[in-house]
Every structure is written in structure tokens, then in C-alpha cells.
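Biologist: Could you take me on a close look at the pocket in this model? I would like to know what surrounds it, and what the neighbouring parts look like.

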Amino acid sequence: MDKHELLTEICVLDKKMTALAGKRNNYLFGYDINSVGRMLDILSNIEGEAYPTDLCHLMGVSTPRITIILNMMEKEGLIKRSASTKDRRRIIVSLTDKGREKVLNRDQKNYYYFEKVYEKLGQKDSEALLRSLQVMEEIYEKAYAEIKQDRKKNSKKLTKEK
């Protein structure tokens, strides 16, 4: 793996871990540290149409929370909402040029950051870092799945008690 491939992999994994940490924080504490950043990532990776209800599931947040996030992003000119051509009752969310530019700028800054890490660590230790981050990603995913499962169990218990 050459330097560019290694840095790109680390950046991609860092984004995933940030998203997973945000989901975990949302489930544990009821809030998300960087919801706009996560929404930018999700929208930049989705091809075609994104409906607010789909975004709720992808981010693990409620419909009212998605509305707040989308309102903030629309006010900043990062997204646009439009009626679906397939079903005029549904709203499609997409990134604007300004939103795509913000994602690109953030990704470039992230790459630059990890390039500095690479310069400090060197090739061998950077590869070890990538392997460690991959293990951490697995741990985060498992922890998130367990938290989600516990929430479902507790929700079912509360429903039965009523």
C-alpha cells in the first residue's frame, strides 16, 4: 500500500468512526456532537434522492431532530429540499454546491492532518495505526449494536409494564 492509499484509508476509517461515535453518543446521551458534519457525510455518499425519513434511520435520530438539522443546513445554504418527481408529497434532500464544497474542504483538511501524522509515524507505524483503527471500528460497531439492542429490550419492558 503506498502513502496516498494508506492516508485515504485512514481518512475514510476516521469518518466512519466519527459517525459511529456520534451515533453512540446520541443513544447514550440523547444528543449528537456533530450532526451537521455527519449529515454532510451521509448526503455526499448517497447517490440520487435522500428522503428525511431515510436520513433519520441513517443517523439514528428522530424526525424532529432531522428537521432541526436540515433547517440549520438549509439556512447555511448547504442543502436544498425539493419535491420528489416520483411522489410530489415527498421531499428530497440534496447537497448544494456550497455543501459539496464544505465536504471537500473538510476532507482535504482531514487528509492534511493525517499526512502530518504519517510524516511523524512513517510508513510502518502508519500501517499499524490503520490496523488499530480498523479494530477500533469493529469495537465501535459492536458497542453501538449492543446499545441499540439494550434500548429495544428496555423499550419492550416499559411497554409491557404499562
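Modeller: Happy to! Helices here are DSSP runs (H or I) of at least four residues, numbered from the N terminus. A lining residue is one with an atom within 4 Å of a pocket point. Please keep in mind that this is a predicted model.

The largest pocket has a volume of about 360 Å³. Its lining is made up of 14 residues, and those nearest the centre are Lys-15, Lys-16, Ala-19, Ile-42 and Asn-45. Helix 1 (3–29) gives the largest share of that lining, six residues. At least two lining residues come from each of helix 1, helix 2 (35–45), helix 3 and helix 5 (97–161). Sorted by class, the lining holds seven charged, five nonpolar and two polar residues.

Let's turn to one of those contributors, helix 3. Spanning residues 52–59, helix 3 has Leu-55, Cys-56 and Met-59 buried. These three sit on the same side of helix 3, because they cover an arc of only 105° around its axis.

Cys-56 has a relative accessibility of 8%, so it counts as buried. Cys-11 is also buried, at 9% relative accessible area. A search of the whole structure finds zero disulfides.

Conventions
Residues numbered from 1 in each chain as written. Predicted model: local features only at pLDDT ≥ 70, side-chain atom pairs only at ≥ 80, totals over all residues. Heavy atoms only, no water. Disulfide = S-S within 2.5 Å. Buried < 20%, exposed > 50% of the residue type's maximum accessible area, 1.4 Å probe, protein only. Arc of directions from axis to C-beta. 1 Å grid on protein atoms, 1.4 Å probe; cavity = no way out; pocket = protein on both sides within 12 Å on 5 of 7 lines; lining within 4 Å. Points joined across faces, edges and corners; volume = space filled by probe spheres on them. Nonpolar A, V, L, I, M, F, W, Y, C, P; charged D, E, K, R; others polar.
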